[in-house]
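Here's a quick briefing on the fold and on a couple of residues worth a look. Have the viewer open as you read.

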Amino acid sequence: MKPITVNVDEYLGLNKYEVDEGHAHITLVEHPDPVEFGKLVRVCPAALYKVGDAGEQAFDYAGCLECGTCRIVAGGGIVASWEYPQPTMGVEYRYG
């Protein structure tokens with residue numbers, strides 16, 4: 001897999017997030033297929049999907065931009081459920 005070189009952390013840091021720790025708005029299947037997971041690594045603009053050096057998969061919904069890209073790419077596959085966060089939760093966009 002070709003390394004991802006885009007770093008948008010500075011821009012994402014301008015957004016404000018209210019994370020609902022008790023209710024994940026995105027859940028994945030128990031053992032995601034590595035090929036399908038790799039697709040999400042490449043398309044998620046917030047880089048929520050990561051694969052470590054040893055091939056371990058990591059996902060964290062906390063910085064989600066609520067764009068729905070993962071739902072479109074892998075909905076019904078490895079994305080078990082996707083819904084908007086509860087009211088007052090989720091991303092609040094800011095301009096920098």
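A contact here means heavy atoms within 4.5 Å. Keep in mind that this is a predicted model. Among contacts between residues at least 6 apart in sequence, 70% join residues at least 24 apart.

**Overall layout**
- The protein has three helices and six strands, and from the N terminus on they come in the order α-β-β-α-β-β-α-β-β.
- Of its 96 residues, 29% count as buried.

**Gln-57**
- You'll find Gln-57 in strand β4, which covers residues 57-59.
- Gln-57 counts as partly exposed because its relative accessibility is 31%, and that class sits between the cut-offs of 20% and 50%.
- Leaving out residues up to four places away in sequence, Gln-57 touches Pro-32, Asp-33, Pro-34, Phe-37 and Lys-50.
- Take Pro-34: it sits 23 residues from Gln-57 along the chain, with 8.1 Å between the two C-alpha atoms.
- As for Pro-32, the side chain of Gln-57 reaches its backbone oxygen at 3.4 Å.

**His-25**
- His-25 is in the loop between β1 (16-18) and β2 (26-28).
- Why does His-25 count as buried? Its relative accessibility is 5%, and buried means under 20%.
- Again skipping residues up to four places away in sequence, His-25 touches Tyr-61 and Cys-64, plus the run Ser-81, Trp-82, Glu-83, Tyr-84 and Pro-85.

Notes:
Residues are numbered from 1 along each chain as its sequence is written. This is a predicted model: local features need pLDDT of at least 70, side-chain atom pairs count only at pLDDT 80 or more; totals for chains, interfaces and linings use all residues. Side-chain values use heavy atoms; hydrogens and water are left out. Helices (H or I, at least four residues) and strands (E, at least two) are DSSP runs, numbered from the N terminus. Buried means under 20% relative accessible area, exposed over 50%, partly exposed in between (1.4 Å probe, protein chains only). A polar contact is a pair of N or O atoms within 3.5 Å; within protein, one must be able to donate a hydrogen and the other to accept it, and residues adjacent in sequence count only if both atoms are side-chain atoms.
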